[in-house]
Amino acid sequence: MIREIHNTIKGRVRFKVEGLYRSQNLKQTIEIQLSEFNFVNRVAANVLTGNTLVLFDPACNRRLILSALKKIVATYFVEKRRRSEKQDLNETSRNRAPSSKKTNSGRKKDRPVNEVLDRGQSLRWWQMRRKEITDLFGVCPEAGLSDQSIRANLIKYGSNVFPEPASRSKLEIFFDQFTSVPVALLGVAAGLSVLTGGFLDAAIISAVISINGAIGFVTENEAERTISSLKNLVRPTAEIVRGSVKQIVSADQIVCGDILTLKPGSYVAADARLIETLHLSADESILTGESLPSSKIASSLSDGAIPIAERQNMVFAGTRITGGQGRAVVVAVGTSTEVGKIQTLVSEAEQPTTPIERQLTVVGNQLTAVSGVVCVIIFFIGLIRGSGLIQMLKMGVSLAVAALPEGLPAVATTTLALGVRSMKRHGVLVRNLDAVCTLGSVQTICFDKTGTVTLNHMTVTQLFTGMKFINTKDGMFVTESKSLNPYESDELIRLLHVCILCSETQIEPYNGGFKLHGSATENALVSLAISAGVNVEAVRNQFPIIEKNYRAENQLFMSSLHEANDSEKLLAVKGSPYEVLDKCSHFIKDGVLHDLTDESRNEIDLANEKMAGLALRVLGVACAYSRNGDSVINCSNWTWLGLAGMEDPVREGVKESIEAFHRAGLDTVMITGDQGPTAYAVGKELDLGRGGALEIVDSMHLETTDPAVIKALCSKAHVFSRVSPSDKLQIVQALQSSGKIVAVAGDGINDGPALKAADIGIAMGATGTDVAREVADIVLENDDLETLIVALSDGRTTYNNIRKSLHYLLATNFSEIIVMLFSSLLGLGYPLNAIQLLWINLISDVFPGLALALDRPEPDVLARPPRHPDEPIVTNEDFKQIAVEANILSISSLSAYGYGVAKYGLGPTAGVFAFQSLTISQILHALSCRSKDISIFTDDGRPPNKYLNVAVFGSLALQFLTQMVPSLRGLLGLTPITVGDMLVIGAASTLPLLINETRKTGSEGQQK
């Protein structure tokens, strides 16, 4: 059975598919077969929810999709039933014979997986009543667990820890160095040498294998250490009730029966059954794939067999509370949670390679195929011309080893890991290697205002109460150029009292003064009250708190209920001026209560616009009283007290950072919950419009806007105001749907969904929330956007350096193949023997290739536009350039070899010319690969690459020893040469460098 469950957005429909739950095979069948239809853009089937999301051409009738889906699912089950019947027949045949031990052992082997899937499902918590659950765990909902119950539940139900895939040990890293195709080919060459009595050759080959293995081990071990250091950047905590006291504990200290206190931004530390909710919603996308928050309830559900996404009275480990508040009883911890079950099943899975590693592997495989064909050609040419079979086998294997770009994946991993380490030194923490290269292709940066662009250190600078403006500074209240005593203004003192009561800011005595612990907004309001002489503790004691109602997605204000006296309760409210004013029916002026008329509402609206136009963050403040028994929470006749305008100054250097983003070819978009005038004023200050008109979009009705319109708006807008978390997510997804690679920088709870959905999520490390830090790919330790410029530069540089290394390795490896191929075709024999080819591979490939990966940023790395994400790491233009350079290296070496043949005839002495000129020219070619367009003879202002200099001079020194040290010369099959011969070799070695450098345009980026 298939039914539509959501179709309100054009071009988007979601189906409930019976049988999809936990069926990976059906998921793959649906996604593959439905995607083949031209009118379908994207298909996402979810095995945990049983839902299938289809994005399609809005011009298409969705009934066609439903019909196609029904046919696919029906065909799948027919085929499944057919296979099952066939299997039953086979099973019946087997069962006629006695059971074997092998069958029994197979059953035992399957049991652990089934136990993992069934664990925790024997009790359907969502069906049980709240009292049944609390009685089961021996917990009082108000007091929480006792110490004795904590110990008992820990022993009975286990601890809240999750399995982690074991990282590679040093021994594994070491042995991995000897499992590649090149090493296998070298082993074959060594074996052939032993069989033919060439024990010395075998020893040299073994030495080459050992040296390559040692270098690979050192570089990969360093990369593994860097990657491991990125784990556990954030250790989640949770607020619980134990012994009637609220306390914050590490997530791994949670036990079954603990009472979780949930509010916006709370990390859900374990699976829990809700016992109280108020406007509660949670982001469960990590489990369900649903991007929008899920609304929660506390009552029991009647249906027993329902997927995770529909268990509305449950919250799950690893998810986040996005709005409202509630309490829940922990019912499953660690591996018994839904996330834990999944982690248990995949704990043995290998870590996937990065996209760039996969790209390099594809390139390497293609080149291996080409090299293999050339080696086979050379092998048969040798046999035809009378060379021995064993000799040609050794030659073919050695040439294959020399030609294979086996170092590419290692170079990529090492370069990425070193890029991560470099960013860490600049205060940029990168969670995964992919993010390093993705940074280089970011086209749009979206950022929050408060806490990201601004300091998030609020100061109240202006109030509007009693229908008049009051400016505040250094504890002074001034209206109409006259000082005002707060205690002489009834409406002002009431406003200050409500700001104190509707707040979670705590006051701590500190060095004769005080320190405030709370959000920046609430700290500013409490600080203002203290500066006015209000005794905060006395006011809070006079009006004891009963309950708090937090800001939620559909309720843009916070309220708190207090005991006023024996017969009354006080409701204190602060939040969006529009929403708060909408619920008010009266206001206070000069201590007298007045009705809110249309005229007075307009006056308040104008004051709000004026304050927002000064880039102030504005909150509306109100209160309400009720007699005991009356509902004050849901009443709409509140009393308006006024507006509080707070200044949050723009961080130093942010404007310069925005300019740098623009120079780097990036679009910048500010997304904020502030009102339009406030957002506009900040956007103008930052010049987000790049000197032109600033386009601003009010996001209040974004949810009901057509997706095509949203996409068009996002492509033009510089600022989005009054956004909710789901709005931010929608904006980011709209930008991505237009083909943009999007980075999102934020620090708050409401930034979480957008940070997670972005191609690169960037969180503030110092002042950011746990929510933001945990879902982000990158964390800025010092909250400075300027460090993001450094990260952007490092990301582009890392990618460029990998391309440089790849360019160098391909050009030099190709040159060896060309030299061997053309010398054999021209009847000039084989200028290089097997040992010489291995030596070239060791000296010229390893050290210069790694040194290029450590190159410094090019001067204009941030002046170029971002690369297209679909651009291959080696373009067609690159292949042409590599082919030209390889031919120049080869022609020069063949010319030197031809000179040697003409002077000494075919033999080892002529081979010295080819060996020395090719090796030296390859080493020098590394210098040319530093830049595609700027010559090494041009000062581009970039500091020298000291690693490359050491690698080049060190390799040249080793190459010089091959001719000077008799024993090494003998091992390589070389003969002594004259000074004149050395000059010829020197000319042949440096000529390719000169030719390649004179070919450069001298203008960086012209050939990009």
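Colleague: How much accessible area do Ile936, Phe937, Leu991, Leu994 and Ile995 have together as a nonpolar patch on the surface?

Modeller: This is a predicted model, where local features need pLDDT of at least 70 and side-chain atom pairs count only at pLDDT 80 or more, while totals for chains, interfaces and linings use all residues. A patch is made of residues with over 30% relative accessible area and no salt bridge, joined within 9 Å for like charges and within 5 Å for nonpolar side chains (Val, Leu, Ile, Met, Phe, Trp, Tyr); a salt bridge is a side-chain nitrogen of Lys or Arg within 4 Å of a carboxyl oxygen of Asp or Glu. Areas come from the Shrake-Rupley method with a 1.4 Å probe, and for residues only the protein chains shown count as cover. Together, the residues of this patch have about 440 Å².

Colleague: Why does Leu994 count as partly exposed?

Modeller: Residues are numbered from 1 along each chain as its sequence is written, and side-chain values use heavy atoms, without hydrogens or water. Leu994 sits in helix 33 (residues 979-998). Buried means under 20% relative accessible area, exposed means over 50%, and partly exposed lies in between (1.4 Å probe, protein chains only). Leu994 counts as partly exposed because its relative accessibility is 40%.

Colleague: How many strands does the chain have?

Modeller: Helices (H or I, at least four residues) and strands (E, at least two) are DSSP runs, numbered from the N terminus. Besides 33 helices, the chain has strands, and these number 32.

Colleague: How many residues of strand 11 (residues 320-332) are buried?

Modeller: Across the chain, buried residues make up 52% of the 1008 residues. Strand 11 is mostly covered, with a buried count of 13 of 13.

Colleague: Which residue in strand 11 is the bridge partner of Thr277?

Modeller: Two strands pair if DSSP finds at least two bridges between them. Strand 11 runs antiparallel to strand 7 (residues 259-262), with four bridges, and there Ile259 is partnered by Val329. With strand 8 (residues 271-283), strand 11 pairs in the antiparallel sense over ten bridges. The strand 11 partner of Thr277 is Gly326.

Colleague: How far from Cys499 is the nearest cysteine sulfur?

Modeller: A disulfide is a covalent bond between the sulfur atoms of two cysteines. Here it is taken as a pair of cysteine sulfur atoms within 2.5 Å, and the structure holds zero. Cys499 is in no disulfide, and the nearest cysteine sulfur, that of Cys502, lies at 8.2 Å.

Colleague: Does Cys929 count as buried or exposed, and why?

Modeller: Cys499 has 2% relative accessibility and therefore counts as buried. Cys929 has 7% relative accessibility, so Cys929 counts as buried.
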